[in-house]
Amino acid sequence: MPLILETVVTTLSPEGALHLVPFGLIREGDAYILAPFRPSPTIANLEANPYFAASSPRDIRVIAGAVTGRRDWPVADCEAIPGKRLADSFGHAEFAVESVEDDATRPRFRGRLVKATAHEPFIGYNRAQGAVLEAAILSTRLHMLTPDKILTEMAYLAIAISKTAGPREREAWDWIEDKVAAALGRSERILANPGAAP
């Protein structure tokens, strides 16, 4: 299995508009692969401007926000490529696309690392941050999973939220809960009874 790093990827449109999205960056040897599904603004941007940045957010709300329509997070100029990166991050890396493996469903953009910079010491994520990350990924797969599977996974993740979440993690969780509830037509809150069977 490849190593997949959960990051926030930023690309620029031909007009210079920013696209910010959580993304699993695939590590293959010295290369890093982006493999977005069509259709995707990331694909259009990389075809026009073959550069991207990947950032590790300090605030887990960035990931939860991006999967729930909240993409307006502060960015800064990249140092070695024409692009932007997440401003509030433990670190970021800048990539130039070396080659593209075209595919009708999921093209693969092979990135060459141009520059990597650490901004803050990384001590570790707590359980609530990990739970928000997993819930955010789950919320992008609602069309692929049964309601029972979704609710079972969310109920398990809610245990870590109830035990270790601070205000940021709780807000991020609430955004994802709202998205899941809307998709499933529910009004009940999972976090009200974490660990209970759905």
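Which strand gives the most to the lining of the second largest pocket? The answer is S7, with 4 residues. Strands and helices here are DSSP runs numbered from the N terminus, with at least two residues (E) for a strand and at least four (H or I) for a helix. The model is a predicted one, in which local features need pLDDT of at least 70 and side-chain atom pairs count only at pLDDT 80 or more, while totals for chains, interfaces and linings use all residues. Residues are numbered from 1 along each chain as its sequence is written, and side-chain values use heavy atoms, with hydrogens and water left out.

On a 1 Å grid over the protein atoms alone, a cavity is a set of points where a 1.4 Å probe fits but cannot get out, whereas a pocket is an open set with protein on both sides within 12 Å along at least five of seven lines; lining residues have an atom within 4 Å of a point. Grid points are joined across faces, edges and corners, and a volume is the space filled by probe spheres set on the points.

The second largest pocket, about 210 Å³ in volume, has 13 lining residues, and those nearest its centre are Leu5, Ala54, His92, Ala93 and Phe95. At least two lining residues come from each of S1, strand S4 (51-57), strand S7 (89-101) and strand S8 (108-118). By class, this lining has 8 nonpolar, 5 polar and no charged residues; Ala, Val, Leu, Ile, Met, Phe, Trp, Tyr, Cys and Pro count as nonpolar, Asp, Glu, Lys and Arg as charged, and the others, Gly among them, as polar.

The largest pocket holds about 990 Å³ of space. It is lined by 32 residues, with Pro22, Gly24, Phe37, Thr140 and Arg141 closest to its centre. This pocket lies between domain 1 (3-118) and domain 2 (127-192), because both give residues to its lining; the domain bounds come from an automatic or database domain assignment. The lining divides into 18 nonpolar, 8 polar and 6 charged residues.

Aromatic rings come next. The structure holds 6 aromatic pairs, where rings of Phe, Tyr and Trp (its six-membered ring) pair if their centres lie within 6.5 Å, and planes under 30 degrees apart count as stacked, over 60 as edge-to-face and the rest as tilted. Phenylalanine 52 and phenylalanine 95 are stacked, at 4.7 Å centre to centre and 15° between the planes. Since phenylalanine 52 is in strand S4 and phenylalanine 95 in strand S7, the pair ties together parts 43 residues apart in sequence. Both of these residues are buried, meaning under 20% relative accessible area, with exposed being over 50% and partly exposed in between (1.4 Å probe, protein chains only). Ring pairs also link Tyr32 with Phe52 and Phe95 into a cluster.

Finally, a cis peptide bond joins arginine 38 and proline 39, with omega about -10°. Proline 39 sits in the loop between strand S3 (31-34) and H1.
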